[in-house]
Structure formats: C-alpha cells, structure tokens
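Please walk through this model with attention to its backbone.

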Amino acid sequence: MAKRSEKAFYITTPIYYVNDVPHIGHAYTTIIADVINRFKKLSGTETFFLTGTDEHGQKVEKSAAERGLKPIELADQVVGGFKDLWKALNISYDFFIRTTEPFHEKGVQKIFQRLKEKGDIYKGSYKGWYCVSDEYFLPEDVPLEEAGYKICPDCGKQARIVSEECYFFKLSAYQKPLLDFYAQNPKFVRPPSRMNEVVSFVNQGLKDLSITRTSVEWGIPVPGDPGHTIYVWFDALHNYLTGIGYDWNMELFKKFWPATVHLIGKDILRFHAIFWPAFLMAAGFPLPQTVFGHGWWLKDKTKMSKSKGNVLDPYIILNTFGSDPLRYFLLREIPIGLDGNFSHEGFLHRVNSDLANDLGNLVQRTLTMIQNFLNGKIEEADKEKEGDKKLRLEFEALKEKTIKFYEDYALNRALEEIWSYINSVNKYLAVNEPWKLSKDESKRKRLGRILYQAAAALRTIAYLLFPVMPESSDKIWSFLGERKTIEEESFAELKFENFKLGQKIKKPDPLFPRIALKAFLKEEETRPAPSRKEEKMEYITFDEFNKMDFRVGEVLKAEKVEGTTKLIKLEVDIGTEKRTMVAGVADVYSPEELEGKKLIVIVNLKPAVIRGIESQGMLLAAEVDDKATIPFFDKDVPTGAKIK
Ligand code: MSP
C-alpha cells in the first residue's frame, strides 16, 4: 500500500459508548484532538479528524433494555447529545462515525473474513471469568477472591464465569512481531511511561483473544455464522479504517491511513497498543504512528463515570462561559499525560485570573487606549527603542517554542509560554505608561509606537492561542481590524510586523465574564442541567411509574406560611383523608384563589418538614422562570380520583 504523504495528518478520538451521557471526561479527549488538529491545519498540513460513537455490544444492549428501548433507539438519542456537545465546544471534526452504519459493518465483516481465511481467526470454545461491564474476559492472572469469584481489575465489579463457542484471534502469534515493532518505534506509545507498561504486559505472554460472542445479539454478525456476533472491541477499533473510507472511499483511505495519532484515555491503552496493531499486522495494514494515552479528570479523586454517579455536566460551565474558557482550563491545568482533579472553584480561579485579568484586561486596555487617544487608528509610530524591540524578539522565541510544544502535544506548556508573553506585554505597558503621553501632542509618535507594540503582540497572541480558544482569538483579530481570518494566515507567515499601521481598530466587547465564585456555585446547584432534554432523560419503567400515586385533591383551606414570601399551607382532601401540604406558589396565587380548587397531588411521596410543617404530599405545577402555574381541571372530577 502507498505510504501516507508526509503532508497528511490523521487524528482520531476514541468512539464513545452510547450508554453514557457525554461528560467532562469525554469532552477532554475530544478537545485535545480538536486543538492538535487546528494547530496542524494552521501549519498548512492537510488533516482529517475523526470522532464518533461505539454503538454495539452488551453494555448498550443492557442499558437500552433497562430503558425499555431497542439498542438503536438508545443510540439515536445519545448520539444527538454527543453531536450537540461537540458543537457547543466548537469541535471541528471532519467525520462522525457510528458503528451501526452499514458501511462500517460491511468493512468489519470483510476484514474478519480475510483474517479467517488467513488462519488468524479460528473457531474454538472459551471458558473464563468475564466482566459484563467492560465486556472482556479477565486476564487469567487475576486472583480468585476468597468469596470464590474474580473482580474486574479495571472497573472493580464482580466477574462471572462464561463459557461459549467462539472465534479466536491468534494474538499469541503476534507477541514477537509486537515486541519488535515497539523496539523499532519507541514513540508508538506515548507518554514513555505508558510504552513501558505495554512492553512489560506483552513480555508476560499473549493468549489468543476471543473475538465473538453468542450471548450478545446486538453486534455485527459473523459472516457465514450469524449465531455469533463480533466482539465490540474488534468492531469498534476498525472504525479508524472505515471512518476514512476503507472499503467505500479507497482514495480517501489511501490518503490518510496510517493514522498519525490515536488519542485515547489511559484506560483503553491495552486495546489500542496491543490488540489494534496485532489486528492490523494480521490484515496487512501499515501501523499507526502514535497512540497517545492521556490522563483522567477525576471528581473527588475518582474517575468520572456514570456508574459512580460523579460525572460533571459540561453545560454547567458552557451555559455561563461558552466554550473557550472550558477548553483553556482543561488543557492548561494539567499536562495531558497526568490525572487532574476537577473542581468548579479551580475552574473559576483560572478563568478570573488568566482569562479575565491577564488576557481580557490586556485586550481591553490596549484597544480602548487606541480608541480614546488615537481615534481608533495608529497612524504613526517612532522608531523601535531597545525596550520595544525586546517585545518583538520575545515573540520570535515564543513562536518557536509554541510550535514545538504543540507538535509535542505539550499543550499546557504551550499555554504557559503564551501566558508568560501576555505578562510581558502587560509589564511593557506598565513600564511605558502610554496613558501619561496622551495629553502631550509632541509625544504622539511615541504613544503610537507603544500602542503599536502592544497591538502587534496581541495579534500574535491571538494567533498562537487560536487552536485552544478559536472564538476569542477570532474576536481579538476582528477587534484589531484584520481583514484576513486567522485560518487564512499560516504559521510561516505569522510575523510581529504584519500588524499594519492605519488599521481601523474596533471597540472591544468584554471577552470573558468575571463571575464571583459564590454566584457561580449557587447557580450550579440550582441550574437545571443540559439544554437538550433527551440527553439527561432517565427513563423509568411502567412499574416504577405505577408506584406513584397521583390523585385529584381538593383544597379545603389555604393560608400563607408566616415569614415566607412563597409558601402556602394547604389542607387538601384526597378522597380518603385530609392532608396538609406546603407549596411554593404564594408569589403567583393568593390563598383565597386556591380554596375550593381541585388540582393534581402526589400522595405517596415521603413526607418532608418545611418550615416546621410536615408536608404530606405535593401538588403539581408547571415551572417557568421559577414561577409556578397550577394545572386545574376543565371539567368537574371527583375528589380522590386516581390520575394515570
Ligand atoms: N467505546 C470505547 C472506546 C472505543 S475506541 C475504538 C470507550 N468509550 S468510553 O465512552 O467509555 O470512553 C471514551 C474515552 O473517554 C476514553 O478515552 C476514556 O478514557 C475517556 N474518558 C472517559 N472518562 C474520562 C475521564 N474522567 N477523564 C478523561 N477521559 C476519560 O472506552
């Protein structure tokens, strides 16, 4: 096969399971990929960025069944949530693959068949400890617990013995070829600590891998043996081939394969650094250049996951701040190989200090001075003095370092360098005090020079930040009166002096909101999560619904709860007895208005004490902008009637 051109760059994210709502952890992987891809594009490389969803397998089958849905219905719902989040995060991918698409299924079957014919896949039977949650047979060296079962070393759940006829992939035959490959390509797995992990694992010996299931219906059927479905990891890994056209657009495929970098979380390293290259070797494809395993975002020191109930909803931040501050924070806070503990306090601190104070103020000050002192245009500037020149030269060095760090996926280092330059520009203004020169007409050229240096520096800062903060960078360029967009200027053309005298500067809008911690955390507690309802939709079964006892209740008496503005105490007849309830509706309804009315109440809700009164039920109301509207009946209904 033809070798991929040096100019072509292909980056992938893992494809996400559709049994989970997208959270900050998923956002992290995708943001890193987007940043690296944007950087490569700016450098003039032709790139392809693939992401998507992993839709088959037992996990998805199980989650769908729990919700009373078909697996594809669950997938259709969750995919929308991922696509919306990528849009909200300004992710600019080239293709979104779903493993339920026919072209993918066909491609996987074709490769499976090829390996079977070659003898790398054979039929046998397997008995072993199987983790349903992670969908894999546990390595044999996992010890037996005293209780007589094994625990999955990845997720900590109890495994169970499964025995089934299945097809195996001859992984054992690839131990030596893999070790040779790692030795010749020491940068195949990054960071280096993870390469060591992989090598030592392979050194211990590789067993053949069971790659089909008879117990899972929701998967790609084995060609010619439809009682078996292909193991979800064999299916999913091949998305990296089918997502760029394997078997349906070979021209595209040849242009971009092999992948430059598979970006993954460290939890799925073994699949990508051992199984995947072995599958590729067997099928005769060239191997990817790099598998980069990033660290995790932890919440309260544990990895975020739906099953632990500690996932962080990115919309809490996105709804208030937009995408750039979140992108910045996730990349700046930790080197991408390490874990980080996520907190909203940490986020806010960074945003207020780095974005609002350092960068936001610099933009605001510089552009406002050009507006106020020079009528929005720097028409003339005196010669560069030593101090002025220093700022230009510092940029030259910064440019080199930033490129190197972006190339090396050291995104936090790139940002550190850019911030150190932002601080230099802030210092330059503090030392040169342009505001003192503005009243002296004879100092106009000097004033022009100082503001020119600051504006030219800002222009380069915006450019270098573009991969991480595309929206804010574009805004800064447009404030500076640039006609070309950032993406139209390549890294090679980026020069300090490309900021031209006479450019019409616009009045800047504030770039980053400054929000007090208390206000933000308060909002976070009370905010109804994502804008898309389906994303957070937690289905209940009909039986669960049936447990709720809704009745027609008649309000016999109503009075305001003293010392509150919103609460009304109600005496409600529910047909079989009278109940006391407290409702937060006094800002909309007076007690008199409610007396004699029939409304909907839930009567088997656990009583709660509100302002010292035991509320033995709850009335239903629509809530719009924090105000309640109670649904009343348009025909008379008997008190106590059941509502179903
Ligand atoms: N479907 C498989 C991947 C198949 S790729 C051929 C899968 N999906 S996943 O949805 O569970 O996880 C996808 C990615 O999200 C993984 O890289 C995982 O590491 C990453 N993250 C999930 N939670 C995370 C954090 N809390 N922090 C950082 N990334 C984490 O695995």
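The paragraphs below take a helix, a sheet and then several loop residues in turn. The model is predicted.

Begin with helix α3. Helix α3 covers residues 71–88, a run of 18 residues. From first C-alpha to last, α3 reaches 26 Å. That is close to the 26 Å expected at 1.5 Å a residue. Which residues of α3 are buried? They are P71, L74, A75, Q77, V78, V79, G80, G81, F82, L85 and W86. Just past the end of α3 comes N90, where phi is positive, at about 65 degrees.

Next, the sheet. Four strands form an open sheet in the order β6-β5-β7-β9. Their pairing is antiparallel. Strands of a sheet pair through backbone hydrogen bonds, and they do so either parallel or antiparallel. Which strands sit at the edges? They are β6 (136–137) and β9 (209–210), and each of them pairs on one side only. Now look at β5 and β7. Strand β5 spans residues 121–131, and strand β7 spans residues 160–169. How many bridges join β5 to β7? There are ten, and the two strands run antiparallel.

Now the torsions. Most peptide bonds are trans, and most residues other than glycine have a negative phi. Several places here call for a look against that background.

Take the cis bonds. The peptide bond from R190 to P191 is cis, with omega near -10 degrees. P191 lies in a loop, with β8 (189–190) on one side and α6 (192–203) on the other. The bond from W257 to P258 is cis as well, and its omega is near 5 degrees. Here the loop holding P258 runs between α9 (250–256) and β13 (261–265).

Then the positive phi values. D247 is not a glycine, yet its phi is positive, at about 80 degrees. Where is D247 found? Its place is the loop between α8 (239–242) and α9. D247 has a relative accessible area of 22%, so it counts as partly exposed. The cut-off matters at this value, because buried means under 20%.

N375 is another residue other than glycine with a positive phi, near 55 degrees. This residue lies in the loop that links α13 (344–374) and α14 (386–407). Is N375 buried or exposed? N375 is exposed, with a relative accessible area of 63%.

Notes:
Residues numbered from 1 in each chain as written. Predicted model: local features only at pLDDT ≥ 70, side-chain atom pairs only at ≥ 80, totals over all residues. Heavy atoms only, no water. Expected span 1.5 Å × (residues − 1). Buried < 20%, exposed > 50% of the residue type's maximum accessible area, 1.4 Å probe, protein only. Pairing = 2+ DSSP bridges.
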